[in-house]
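The stops below go residue by residue.

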Amino acid sequence: MSEGAEPRTVGELGEFALIDRINAGRADAPAVLLGPGDDAALVAAPDGRFVVSTDMLVQGRHFRLDWSSPRDVGRKAIAQNAADVVAMGAAPTAFTVALGCPSDTPLAVIDGLAEGLWSAATDLGASVAGGDLVRSADLVISVTAFGDLCGRAPITRSGAREGDTVAVAGRLGWSAAGLAVLSAEAGADRFADAVAAHRVPRPPYAAVLDLPAAGARPTALTDVSDGLLADLGHIARASGVRVDLDSAALGDPALESIAAALDADAAQWILAGGEEHAFAATWPSGVRPPAGWLVIGRVCAGHGVTVDGVAHSGSLGWESFDGAGSAGESEPR
């Protein structure tokens, strides 16, 4: 960089100046007692416990910057971690972020990521409490989320019982549809809603966080990150039951029109697409799920997940170490 010129890349600016740039003007959330700037953060644990979850995004595997803006990627990184915390019945309070990137990464990319991370965190009443910054061959974002149970017991995957109702909050299949649109390199404007769902998940946090005030509590709960079949399969396995889905309840005419245009299968997107971070839960027999929850099946004796009583013959969802995965190594999901 020539003398007097403004830095344009991470390498030109330097690590500590970049950290200052990322955190400049940011306000800590109430639960963050000591935020960025010291050896470690200090986060309140009001009832003596944290719910903690960590997830990672790798460029080329989970996102592409020709498909998503840096701000979109930052918001996505927070959403996928916040959804895991909320799926335990906890309210997100703080996030730490570890960022790896090449030294020639433009500062504009980091600025966009930081804006996405901070805006998504503050939307939840939380903040970024700290993290790490390293040089790496690819852009990698790892987020750890902290949540507060507010004195309540966590909602786990192991509580489903025979006779329970299965319901979902949030849309299913739309992120997979957006991925299909982007992969086809056609129709991004025509199917903008699907593309937006793939770029930035919008988990229906309130559908879970408002349950205590409504006096409602599911027997088991998970977010749909890897696919409806895969994630309900976790509940079935942990609870020692079978989950049977009603295909008629899962239909989505708007999604089916996109699938028809792409010669694709909307049902497969719904059952195995994942990544919207909708919430799937089981509810006690005789209890009607609250408004915002759609009944899609029931819990039965047995094991695994079936659709209309039959095992699904296609992909069950995302698998990180499957070479093909649900979207392929070069096609993020």
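Select His277, which sits in the loop between α11 (266-272) and β10 (278-283). The phi angle of His277 is near 60°, a positive value in a residue other than glycine. His277 has a relative accessible area of 3% and is therefore buried. Buried means under 20% relative accessible area, exposed means over 50%, and partly exposed lies in between, with a 1.4 Å probe and protein chains only.

Before going further, note that this is a predicted model, in which local features need pLDDT of at least 70 and side-chain atom pairs count only at pLDDT 80 or more, while totals for chains, interfaces and linings use all residues. Residues are numbered from 1 along each chain as its sequence is written, and side-chain values use heavy atoms, with hydrogens and water left out.

**Glu275 and Lys76**

Glu275 forms a salt bridge with Lys76, and their closest N and O atoms are 3.0 Å apart. Glu275 lies in the loop between α11 and β10 while Lys76 belongs to helix α3 (residues 70-86), so the pair ties together parts that are 199 residues apart in sequence. Both Glu275 and Lys76 are buried. A salt bridge is counted when a side-chain nitrogen of Lys or Arg is within 4 Å of a carboxyl oxygen of Asp or Glu.

**Other salt bridges**

How many salt bridges does a search of the whole structure find? The search finds nine. Next, select Arg171 and Asp193, whose side chains meet in a salt bridge at 3.0 Å, N to O. Arg171 is in the loop between β7 (165-169) and α5 (174-184) and Asp193 is in helix α6 (residues 192-199), so this pair ties together parts that are 22 residues apart in sequence. Arg171 is partly exposed, with a relative accessible area of 40%, and Asp193, at 43%, also counts as partly exposed.

Move on to Arg64 and Asp66, another pair whose side chains meet in a salt bridge, at 2.7 Å, N to O. Arg64 is partly exposed at 23% relative accessibility, whereas Asp66 is exposed, with a relative accessible area of 54%.

**Met88**

Select Met88 in the loop between α3 and β4 (91-101). Its relative accessible area is 30%, so Met88 is partly exposed. Which residues is Met88 in contact with, leaving aside its neighbours within four places in sequence? They are Val51, Leu149, Pro154, Ile155 and Thr156, where contact means heavy atoms within 4.5 Å. For a distance check, Met88 and Ala213 are 125 residues apart in sequence and 16 Å apart in space, C-alpha to C-alpha.

**Asp308**

Go to Asp308, in the loop between β12 (304-307) and β13 (310-311). Asp308 has phi near 55°, a positive value in a residue other than glycine. With a relative accessible area of 46%, Asp308 is partly exposed.

**A nonpolar patch**

Switch to a surface view and colour Leu33, Leu34 and Leu42, which make a nonpolar surface patch of about 280 Å². Patches are made of residues with over 30% relative accessible area and no salt bridge; like charges are joined within 9 Å and nonpolar side chains (Val, Leu, Ile, Met, Phe, Trp, Tyr) within 5 Å. Leu42 is in strand β2 (residues 42-43) and is partly exposed, with a relative accessible area of 46%.

**The whole chain**

Zoom out. The protein has eleven helices and 13 strands. Its C-alpha trace spans about 70 × 50 × 30 Å along the principal axes. Buried residues make up 49% of the 333 residues. Among contacts between residues at least 6 apart in sequence, 83% join residues at least 24 apart.

Finish by colouring by pLDDT, the predictor's confidence in each residue, from 0 to 100. The average is 92, and 93% of the residues score at least 70. Over residues 324-333 the pLDDT is below 50, and this stretch has 38 contacts in the model beyond near neighbours in sequence. Where pLDDT is low, the predicted coordinates should not be read in detail.

Conventions:
Accessible areas come from the Shrake-Rupley method with a 1.4 Å probe; for residues, only the protein chains shown count as cover. Helices (H or I, at least four residues) and strands (E, at least two) are DSSP runs, numbered from the N terminus.
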